[in-house]
Amino acid sequence: MTQPRSRILGLGGFLPDNVVTNHDLAEIMETSHDWIVERTGIEERRWVTPESGLTGAIMGANAAREAAEDAGVDLKEIEMIIYATLSPDISFPGTGVLMQKELGLKDIPCLDIRQQCSGFIYGMSIADNFIKAGMYKKILLVGSEIHSTGLDKSTAGRDVTVLFGDGAGAAILGVAENEDSMVLSTHLHANGKDANILWVQRPGCSFHPRITKEDMDNRLHYPQMQGKRVFKHAVTKMPQVIMEGMMANDLKLDDVDMLIPHQANLRINQMVAKMIGLPKEKVHNNIQKLGNTTAATIPLCMQDAVKLGKIKRGDLVVMVAFGAGLTWGSVFLRY
Ligand code: UT7
């Protein structure tokens with residue numbers, strides 16, 4: 001009996017309406033449009049407002065509905081949910097079940113995963129392997145993030161705060177009908193040795209109590225990043241894990257139609273493309289308008305490229321990501 005293979009049946013996305021430009025940020029902290037664009041490529045991002053009532057679960061559900069429509073699938077056919085986020089709506093239970101409730105999908109399994117910027121890549125690999133094992137035929141994978149409520153919006157936090165945006169992206173994976181459209185391979189890595197170069201330390205369940213006023217005075221509840229070290233790891237590991245997939249699939253660079261890189265910094269992606277020798281026409285970026293939406297960047301970027309006609313069915317697409325953990329990975333697929 002031949003093993004089933006998976007494919008992306010459809011893609012969806014959802015963004016809050018509220019646009020925050022670099023000029024808006026320059027009014028609340030010491031930064032400038034020119035600094036942000038020159039160092040990161042970001043021009044604006046979306047941040048939820050309290051009035052919008054948006055949660056990660058609601059945004060994820062909206063992205064999921066769009067993916068289902070794109071796939072021509074009734075959401076009731078979904079057999080499993082994988083929800084990737086670094087910004088869960090509440091401490092527990094996982095946000096996957098909250099999104100499941102939004103979607104009215106009872107009794108199917110929900111798996112929350114915490115691989116930050118690599119969350120969607122890890123989710124693709126998990127979904128691919130459940131389908132290959134023959135356990136499920138249709139899986140909903142969502143990356144959804146609300147960063148804006150947890151960022152330090154004073155000048156002390158400017159290195160991190162200007163980078164991040166809110167949003168959600170989704171894909172529905174199903175069984176491939178032929179080799180023209182299927183996931184070819186997935187490649188995952190992590191190394192906790194440098195977990196402390198990008199993290200949020202409080203609240204934490206191993207502390208007594210989980211957070212104190214002193215912790216907050218020391219800004220431990222905000223993300224802290226050693227930017228240059230993260231940058232260096234990203235431009236090393238992303239080319240490596242792309243080459244790993246190229247070799248596993250016996251591909252040449254010319255075979256690649258489009259690279260969908262995680263959107264953390266335009267300069268990182270330009271450097272990665274240069275290092276592997278991929279022309280800039282074969283790399284799609286949308287960080288300029290969205291900033292870094294972590295687990296949502298890959299599906300939002302891929303959906304954007306599909307909508308623009310830059311990716312067509314059957315094209316060879318490479319997804320690659322790097323993020324906190326440290327975690328990194330790639331997915332090779334024929335869309
Ligand atoms: O999703 C994965 C996670 N994140 C990443 O992949 C991010 C990786 N790192 C980066 O993208 C870059 O390191 C940053 C964009 C975060 C920072 O760029 P950089 O070229 O590494 O700048 P830097 O941290 O060395 O800072 C240079 C200067 C500093 O001032 P002094 O010490 O030279 O006076 C910073 O205080 O720029 C200052 N600075 C800013 N100035 C204006 C830092 N952030 C800002 C800001 N606006 N937002």
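The model is predicted.

## Overall fold

The chain holds eleven helices and 13 strands. Its C-alpha atoms fill a box of roughly 60 × 45 × 35 Å along the principal axes. The radius of gyration is 19 Å. A compact globule of 335 residues would have a value near 20 Å, so the chain agrees with that expectation.

Contacts in sequence tell a related story. Take the contacts between residues at least 6 apart in sequence: 77% of them join residues at least 24 apart.

## Burial and surface

Of the 335 residues, 53% count as buried. The accessible surface comes to about 15,100 Å². Carbon and sulfur atoms account for 52% of that surface.

## Charges

The chain carries 35 positive and 39 negative charges. The salt bridges number ten.

## A bridge across the sequence

One of the salt bridges pairs the side chains of Glu 43 and Lys 289, with N and O 3.4 Å apart. Glu 43 sits in the loop between α2 (33–40) and β3 (44–46), and Lys 289 sits in helix α10 (residues 287–290), so the pair ties together parts 246 residues apart in sequence.

Both ends have some accessible area. Glu 43 counts as partly exposed because its relative accessibility is 32%. Lys 289, at 43%, is also partly exposed.

Asp 128 and Lys 132 form another salt bridge, and their closest N and O atoms are 3.4 Å apart. Both residues belong to helix α5 (residues 119–132). They are four residues apart, about one turn of the helix.

Is this pair buried or exposed? Asp 128 and Lys 132 are both buried. Each therefore has a relative accessible area under 20%.

Asp 255 meets Lys 252 in a salt bridge, at 3.7 Å from N to O. Lys 252 is exposed, with a relative accessible area of 55%.

Elsewhere, salt bridges share partners. They join Lys 193, Asp 194 and Arg 229 into one network.

Key:
Residues numbered from 1 in each chain as written. Predicted model: local features only at pLDDT ≥ 70, side-chain atom pairs only at ≥ 80, totals over all residues. Heavy atoms only, no water. Helix = DSSP H or I, 4+ residues; strand = E, 2+ residues; numbered from the N terminus. Rg over C-alpha atoms; globule rule 2.2 N^0.38 Å. Buried < 20%, exposed > 50% of the residue type's maximum accessible area, 1.4 Å probe, protein only. Contact = heavy atoms within 4.5 Å. Areas by Shrake-Rupley, 256 points an atom, 1.4 Å probe, with all protein chains shown as cover. Lys, Arg positive; Asp, Glu negative; His and termini not counted. Charge placed at Lys NZ, Arg CZ, Asp CG, Glu CD. Salt bridge = Lys/Arg side-chain N within 4 Å of Asp/Glu carboxyl O.
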